[in-house]
Amino acid sequence: MPGARVALALGCAGALIGVAAAPAQAAEVSFATKCVPPAAAGLDPVDGTTKVEITAPATAKVGDEVEVVWKFVQAASKNPDLIDLPANSVKPSGTLKAAGAQSADVPMEGPQENPAIPKGGAMVLSDMKGKLKLTTAGEVTLTPDAYKITAFGTDTNCTPTQTVQSAATIKVEEGDGSSSPTPTPSPTESESTSPTPTETATESPSASPSETGGGQTDFTGEVVDIPYTCESPIGTQKATSTIQINAKKNGGDFDITVQFKRSPMNSPAPIPAGKLQPFMNVVLGGADEGSVAVEGPVNAEEIKSGDPIEIPDMTGTYKPGATGESTLSPGVLTIKALGTTTTCTPDKTSVSLTLDTAEQEGGASGGSSSTGGGSTSGGLAATGSESHDALKALGLVAGTAVLLGAGVFTFLPGRRRLR
């Protein structure tokens, strides 16, 4: 295969199943669907037919909260003959429309559970579940709507292209429950729990130049967002990374630590121990110029498919080449994994740390202050994995996505682009 590409057929499939309060009913409906891959993938949308089955209670009372299940009956396409999809790598979610006596959008979600799907095999997606609070007596119809399939951090969005018939009807009788408007708990809950990254960004204020004088030895940098353009054998990606640079005075030098604050992703494939490592050139400014090479450790243990990948700190030594106020900013990032190299260049950078420096013999001004793994040449020790193009691509993308928060392209089965 001339350049490994991660290709996934996340078929335009949808479906509803059910395990709901008795008595239950199940009905199947099919509808034309258009699925759109991530914009960065540059692939055409795919048209197909979605078949779903909905299970819901046949009868209920006002005030009841009923469970509805959405089962994927048939996908519009199969996994192409490119790679095997690992187990537990695909997660579906979507929206069910309630109409009639009451109207509501019911959020549906399935677990990230699927068997290993071989090349050319049929897509198997987990059942999705959602809950609906019944507020009005009468007949409430349930109709499947848009859904998305998430794999390796990216979304494939699938939307009906025709009017969809209702798949189930609940007969709602008067009860003791209130007739308050139907709540939409899921979006509210997710919004209330989302602002974690911004809290991290305010934890560590930038150290002012005056703080670096006197007897202080530890200096904390500001958390900054850096937009990157990454070039790899897979192609070009855009991503924004949240980074902090800290320093510890060591004589006339400084021990530098670069930390990535963005949460890690789960590994899309097994990565052997010692086969993934990040590097960076920290850009100097102000009184000094040049760069400081820092690097992180290789993964000490095998990273299993589906396990979270911890973001390692990158360290190096800054030997000042000038006296005055010197600034440190995130620079070019290099990621080596399974014999491949990804080089990420900042579209623009921001100062994370300012230090009072005194010129040292052999210091950085005009050049690199230390040697390290920041070069894009070479690679990690070879293993038998290099003969598997798919694994190389998955390992490379895993490292890139972890360090940058970048998504992996999810390719739908469509017309392949010619090189």
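**Two disulfides, one chain**

Okay, let's start with Cys-35 and Cys-158, which form a disulfide with sulfur atoms 2.2 Å apart; by disulfide I mean a pair of cysteine sulfur atoms within 2.5 Å. Quick caveat: this is a predicted model, where local features need pLDDT of at least 70, side-chain atom pairs count only at pLDDT 80 or more, and totals for chains, interfaces and linings use all residues. Residues are numbered from 1 along each chain as its sequence is written, and side-chain values use heavy atoms, with hydrogens and water left out.

Back to that pair. Cys-35 sits in strand 2 (residues 24-36) and Cys-158 in strand 10 (residues 154-160), so the bond links distant parts of the chain, 123 residues apart. Strands here are DSSP runs (E, at least two residues), numbered from the N terminus. The torsion about the S-S bond is about 115°, which makes this disulfide right-handed.

Are these cysteines buried or exposed? Cys-35 is buried at 0% relative accessible area, and Cys-158 is buried at 0% too. Buried means under 20% relative accessible area, exposed over 50%, and partly exposed in between, using a 1.4 Å probe and protein chains only.

Now, how many disulfides does the structure hold? Two. The other one joins Cys-230 and Cys-344, with sulfur atoms 2.1 Å apart. Cys-230 lies in strand 13 (residues 224-232) and Cys-344 in strand 21 (residues 340-346), so this pair ties together parts 114 residues apart in sequence. Its S-S torsion is 115°, and the link is right-handed. Cys-230 counts as buried at 2% relative accessibility, and Cys-344 does at 0%.

Counting bonded cysteines along the chain, the pattern reads 1-2, 3-4.

Terms used: Helices (H or I, at least four residues) and strands (E, at least two) are DSSP runs, numbered from the N terminus.
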